[in-house]
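Hi,

Here is the structure I promised to pass on. Have a look at it first, then read my notes on the charged side chains below.

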Amino acid sequence: MKKTLLIIAVFSMLTSCSPTIYYQMYHTKPVNDNIIVNENTLIFEDEHCVILYDFWGEYGDFGFLVYNKGDENIYIHLDECFFVVNGFAYDYYQNRIYSNSSSSVASTTNSYSLSGSNSSTFANVNASSYSIGTITYGNAYGSGNTYKNGYIGGFSNTYVSSSSKSVSTAEKMVVCIPPQNKKIISEFCIRKSLYRDCDIFLYPKKTDKYSLSFDSSEESPYVFGNKLAYSVGESPEMIRIINEFYVSEISNYPIEKITKLVPKSNCGRKIEGQNKRVFTQSGPDRFYIEYNYNTNTTYIEH
């Protein structure tokens, strides 16, 4: 009985100390009606280009795809493009130098060995030996018995050579997109720190409130977007776009509330005995931050 109680106590301690995974889920909405939200993408379109967003993932991926739907080159002027968060602007063009390097190593080894002996019979035998480098010489002599001399040994030389090369590339200030082609521009994530508010618990239980909603960009604690500038063909005219979003809902969930286990599959066939955990709430207008109960969580007070 005592042993059973001890096992139960140890199990309880282990399970209580194991970290519980939580997710802070963010829902977003466009500030203006110029962006369409569908099942897979957030879409902005004007007469020259289409811009696609998909925030889904941890911290929110704010990379975007630009498709040139016209008949002339589109030039995106990164030095006049900004990621803006709550009124703070961050430069897309940062005048960086990218370096790619490669190296190779080659080695060659030459080995040599020596050996030999001869013998005669003498009655009495004396022996001696001496060495030069890694080669050892030995001899024995006498009368009425055996006379021997010989040598054994060897040496090797290893030659090692290496070479390396590096190519440096300057960051482009202007990105060109040919007609009927597309490019991805990726630089920023939306948010890395947890939002903390007394109206929602950081570690909610089943009876606690999970979500906090914001009806407009004026009420939202987090408004973000792009200010982009591009030109078309040889025209000097600069076309400016503002794609702006706001966080409309923030929710804190334990892992069981927002994910489920489903069978793994390969080419449409289920793999027996293997499962994976997937989100039950996902979409291009959402993103999340994962955090644990038993870690020192960093968050921002509001």
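Asp 285 touches Tyr 26, His 27, Thr 28, Val 37, Leu 42 and Phe 55, leaving aside residues up to four places away in sequence (contact means heavy atoms within 4.5 Å). This is a predicted model, so to speak of local features we need pLDDT of at least 70, side-chain atom pairs count only at pLDDT 80 or more, and totals for chains, interfaces and linings use all residues. Numbering runs from 1 along each chain as its sequence is written, and side-chain values use heavy atoms, without hydrogens and water.

Asp 285 sits in the loop between strands S20 (269-279) and S21 (286-292) (strands are DSSP E runs of at least two residues, numbered from the N terminus). Asp 285 is buried but has no salt bridge, and the nearest side chain of opposite charge, Arg 286, is 4.0 Å away. Buried is under 20% relative accessible area, exposed over 50%, partly exposed in between (1.4 Å probe, protein chains only). For charge, Lys and Arg are positive, Asp and Glu negative, and His and the chain ends are not counted.

A salt bridge needs a side-chain nitrogen of Lys or Arg within 4 Å of a carboxyl oxygen of Asp or Glu, and that rule gives four. Among them:

- Glu 80 and Arg 240, with closest N and O atoms 2.6 Å apart. Glu 80 is in the loop between S6 and S7 (82-85) and Arg 240 in S18 (239-254), so the pair ties together parts 160 residues apart in sequence.
- Glu 171 and Arg 96, at 2.9 Å between the closest N and O atoms. Glu 171 is buried at 12%, while Arg 96 is partly exposed at 23%. Salt bridges with shared partners join Arg 96, Glu 171 and Glu 187 into one network.

Cheers

Conventions: Helix = DSSP H or I, 4+ residues; strand = E, 2+ residues; numbered from the N terminus.
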